Amino acid sequence: MSWNQQIGKKYNKQQILNCIFSKDIVSRGEIIEETGLKKATVANLVTELLEEQLVIEDGKELSTGGRRSRLLRFNKTAGFALGIDIGVNYLHGVVVNLKGEIIFEKLQPVPTIELESYLKNILELIELLHSNVPSSRYSIIGLGVAVPGTINKDGVIMKAPNLRWENFDIKHFLQQRLHYPIHISNEANAGAYAEYIFENNKETSNLIYLSIGIGLGVGIIIDNRIYLGVNGFYGESGHTIIQMNGRKCTCGRNGCWEAYASEYALIHDATYMLKEKELTLEKLVTLAEEGHKDVLQLFNDIGHYIGLGITNLIYTFNPEKIIIGNQITKAQKFIEQSVFETVKSEM
């Protein structure tokens with residue numbers, strides 16, 4: 001088989017697999033109709049996919065007079081992937097099947113941002129995830145790690161202000177210890193991609209995802225692709241200036257959006273107002289649910305600043321959809337009205 005024939009076969013096979021993946025269950029005839037491939041090509045490549053256990057037969061299609069063929073389904077348990085979300089004060093690990101469905105997860109607090117201690121916790125979490133991966137044809141197909149900071153194309157953490165990490169090659173660190181593919185991403189970009197492929201957003205080609213936790217990151221999908229910028233990183237819209245000579249941000253600058261619209265900003269203001277240490281977002285939500293007027297006002301203020309930043313993003317990118325995720329969603333009912341009102345008034 002020539003090189004061109006090999007490339008053609010690979011492309012056709014991918015087309016068929018994508019078709020099966022996108023359906024709950026599908027017939028060979030439907031694959032032929034959707035892909036435009038010849039019957040013999042579909043038959044041969046489906047046979048290969050069955051042998052590779054990426055596709056399984058399940059049930060039979062309705063008869064039209066001839067012999068009924070078996071229906072096809074994507075084998076979502078042919079392998080599993082691991083995912084780790086590195087938070088400023090937590091680690092969240094998951095094991096997912098090939099459809100992205102979580103079959104095991106672990107959320108654990110991390111008491112210190114000191115790098116060596118964090119790495120030890122990450123390795124322990126990976127070991128726990130390994131022990132919860134079911135037996136399968138392809139076992140672990142890879143690990144994705146989301147980091148709240150600037151990541152270059154080589155998987156190096158250039159700067160993670162809230163973790164106080166700089167110039168650390170986390171991908172190389174993990175590759176020395178693991179024997180499967182590893183992908184490192186800015187956590188907002190990872191969130192944007194996850195939302196993009198999620199069922200409710202399949203028809204959206206331009207999308208913005210705001211990750212609001214201790215920090216504030218932005219992931220952007222433009223024309224069905226993550227926008228990464230020239231050097232492979234983007235997502236630091238949280239460090240755009242919304243207030244000249246404003247509050248000091250963790251990045252060292254003054255007046256950053258993150259300094260006004262993040263979980264860190266909320267807790268900072270609440271600590272000053274309530275004269276109470278060791279406050280958490282969860283505790284502030286509880287106080288808001290109890291009707292604490294000052295705390296309710298703090299959430300309203302945070303919503304206002306989130307709305308200001310969203311307005312800037314709308315004017316800049318004109319996206320089809322903006323999604324807010326991460327820790328701040330725990331306070332959704334206390335901030336969303338303020339967000340909507342601010343955006344509406346500024347547009």
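Which residues touch the most other members of the largest nonpolar core? They are Leu-210, Val-218, Leu-284, Phe-299 and Ile-306, in a core of 32 residues. A nonpolar core is a set of buried Ala, Val, Leu, Ile, Met, Phe, Trp, Tyr and Cys residues joined through side-chain atoms within 4.5 Å. Buried means under 20% relative accessible area, exposed over 50%, and partly exposed in between, with a 1.4 Å probe and protein chains only. The model is predicted: local features need pLDDT of at least 70, side-chain atom pairs count only at pLDDT 80 or more, and totals for chains, interfaces and linings use all residues. Residues are numbered from 1 along each chain as its sequence is written, and side-chain values use heavy atoms, with hydrogens and water left out.

Helix 10 gives the most, with eight residues. Helices (H or I, at least four residues) and strands (E, at least two) are DSSP runs, numbered from the N terminus. A second, separate core has 31 residues. Val-145, Ala-160, Leu-178 and Tyr-180 are among them.

Five strands form an open sheet in the order 5-4-3-6-10. The pairing is mixed; two strands pair if DSSP finds at least two bridges between them. Strand 5 (102–109) and strand 10 (182–186) stand at the edges. Each has a single partner strand, so one side of each lacks a neighbour in the sheet. From one strand to the next, the twist averages 15°. Strand 5 pairs with strand 4 (residues 90–97) in the antiparallel sense, over seven bridges. Within strand 5, Lys-106 is the bridge partner of Gly-93.

Two helices lie across strands of this sheet. Helix 4 (residues 115–130) lies across strand 3 (80–86), strand 4, strand 5 and strand 6 (140–147). Helix 4 runs at about 25° to strand 4. Helix 6 (residues 187–197) lies across strand 3, strand 6 and strand 10, and runs at about 100° to strand 10. Axes are lines fitted to C-alpha atoms, for helices over the stretch in contact (heavy atoms within 4.5 Å). Angles run from 0 to 180 degrees between N-to-C directions.

Elsewhere, Leu-71 is placed in strand 2 (residues 70–74). Leu-71 counts as buried because its relative accessibility is 15%. The C-alpha atoms of Leu-71 and Val-26 are separated by 5.6 Å, although the two residues are 45 apart along the chain.

The count of aromatic pairs comes to six. Rings of Phe, Tyr and Trp (its six-membered ring) pair if their centres lie within 6.5 Å; planes under 30 degrees apart count as stacked, over 60 as edge-to-face and the rest as tilted. Phe-168 and Phe-173 have ring centres 6.0 Å apart and planes at 50°, so this pair is tilted. Phe-168 is buried at 16% relative accessibility, and Phe-173 is buried at 12%. Tyr-193 and Tyr-196 also form a tilted pair, 6.3 Å centre to centre with 40° between the planes. These two tyrosines are three residues apart in helix 6, so about one helical turn separates them. Tyr-193 is partly exposed at 42%, whereas Tyr-196 is buried at 17%.

Charges also sit over rings. This requires NZ of Lys or CZ of Arg within 6 Å of the ring centre and within 35 degrees of the ring normal. Lys-99 lies over the face of Phe-21, at 4.2 Å from the ring centre. The charged end of Lys-275 sits over the ring of Tyr-272, 4.9 Å from its centre.
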